[in-house]
Amino acid sequence: MNCIYVLRCADDTLYTGWTNDLQSRLGIHNAGKGARYTKSRLPVELVYWEVFDSKQEAMKREHQIKRLTRAKKLKLINSKEKR
């Protein structure tokens, strides 16, 4: 399972990433062993995710989401159209 995900950090910032094991990756982030960005902003909460068939599709979507403004990311998070 290839997923992109968006986390809400304790300081209310958003972090977007890619993984092939969403539950494990969330645990790694909250253990302080994930990305350098989230390490100092714990705890993090999973607020959005999408599932893809391939790593390439997921990484392409991750890049698209990372380029969005915060307002557009929040709109995406609040949308009902989650994959």
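Let me start with Arg-41, which lies over the face of Tyr-37, 3.8 Å from the ring centre; a charge is taken to sit over a ring if NZ of Lys or CZ of Arg is within 6 Å of the ring centre and within 35 degrees of the ring normal. Please keep in mind that this is a predicted model, in which local features need pLDDT of at least 70 and side-chain atom pairs count only at pLDDT 80 or more, while totals for chains, interfaces and linings use all residues. Residues are numbered from 1 along each chain as its sequence is written, and side-chain values use heavy atoms, with hydrogens and water left out.

Now to the aromatic rings. A search of the whole structure finds 2 aromatic pairs, where rings of Phe, Tyr and Trp (its six-membered ring) pair if their centres lie within 6.5 Å, and planes under 30 degrees apart count as stacked, over 60 as edge-to-face and the rest as tilted. Tyr-5 and Tyr-15 have ring centres 6.4 Å apart and planes at 45°, so this pair is tilted; it joins strand E1, which holds Tyr-5, to strand E2, which holds Tyr-15, across 10 residues of chain. Helices (H or I, at least four residues) and strands (E, at least two) are DSSP runs, numbered from the N terminus.

Tyr-15 also pairs with Tyr-37, with centres 6.1 Å apart and planes at 15°, so that pair is stacked, and here the link runs from strand E2 to helix H2, over 22 residues.

Apart from its neighbours within four places in sequence, Gly-17 is in contact (heavy atoms within 4.5 Å) with Cys-3, Ile-4, Tyr-5 and Glu-62. The C-alpha atoms of Gly-17 and Lys-66 are 8.6 Å apart, although 49 residues separate the two along the chain.

Finally, helix H1, residues 22-30, has Leu-22, Leu-26 and His-29 buried. Seen down the axis of H1, these buried residues fall within an arc of 60°, so they line one face of the helix; the arc is that of the directions from the helix axis to the C-beta atoms. Their cover includes strands E1, E2 and E3 as well as helix H2.

Methods
Buried means under 20% relative accessible area, exposed over 50%, partly exposed in between (1.4 Å probe, protein chains only).
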